[in-house]
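I opened my notebook to look up a few things in this structure. Here are my entries.

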Amino acid sequence: MSDLSAQMISTWLKDYANVINENASYLTDLDRQIGDADHGSNMARGMTAVASLDPASFASASALLKKAGMTLVSTVGGASGPLYGTFLLRLGTSLVEDGELTSAAFARAIKAGLDGIVARGKASPGDKTLVDALTEAVQAAQQAADQGKDLPATLQAASSAAEKGRDATIDMVARRGRASYLGERSKGHQDPGATSMALLIDSAARCLA
């Protein structure tokens, strides 16, 4: 059992901030191949700001997630800020009560996050975006929850599926974002957004279980 709280969410977001900082050059290099070469630096700036939020200042996990989402929107350039910010805002709206974090609650929350990203960015699976990694994670989490698996198993299933979705972007032709301008030349490159999303779900698997 994991008890949802502002401190628990802070642990996750700080871990993710560390992961992003460690992988900033890698993410930027991926983005250099098909985008603006700024995904790593933009995400590092935003997550550093998020990591500075004091969990003691928030009454609940929901409140911290919503503030973290707004922080990303205001500090991250390009599409990443609004999309990741929307994801965290929707998580905050879904996880309205602290207490035990169940497999079903986690699955519902990341589904709400995916729906928010799709509504804002208009991307679909197969477009070679972070949606490809997150869709796989949502489907795996929902299946695990429906099968009655515990939270650690559900989180691990989501993480593995997100990595599968990330890897699938390599052979896709981009249909959204700057990468879409390259057409067929975008094929053969791993999407940076799908990569950072897979890192986020992997961080959740480590910290929320």
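I looked up Val-73 and found it partly exposed, because its relative accessible area is 29%. (Buried means under 20% relative accessible area, exposed over 50%, and partly exposed in between, with a 1.4 Å probe and protein chains only.) Val-73 sits in helix 4, residues 61–75. (Helices are DSSP runs of H or I with at least four residues, numbered from the N terminus.) Leaving out residues up to four places away in sequence, I found Val-73 touching Gly-81, Pro-82 and Gly-85. (Contact means heavy atoms within 4.5 Å.)

A note on the source: this is a predicted model, where local features need pLDDT of at least 70 and side-chain atom pairs count only at pLDDT 80 or more, while totals for chains, interfaces and linings use all residues. Residues are numbered from 1 along each chain as its sequence is written, and side-chain values use heavy atoms, with hydrogens and water left out.

Next I checked helix 9, residues 192–207. Its 16 residues should span 22 Å at 1.5 Å a residue, and the end C-alpha atoms are 23 Å apart, so the two agree. (The expected span is 1.5 Å times one less than the number of residues.) I found 13 of the 16 residues of helix 9 buried.

Last, I looked at the largest cavity. Which helix gives the most to its lining? Helix 6, residues 103–121, does, with three residues. (A cavity is a set of points on a 1 Å grid over the protein atoms alone where a 1.4 Å probe fits but cannot get out; lining residues have an atom within 4 Å of a point.) The lining includes Trp-12, Phe-106 and Leu-208.

Conventions:
Helix = DSSP H or I, 4+ residues; strand = E, 2+ residues; numbered from the N terminus. 1 Å grid on protein atoms, 1.4 Å probe; cavity = no way out; pocket = protein on both sides within 12 Å on 5 of 7 lines; lining within 4 Å.
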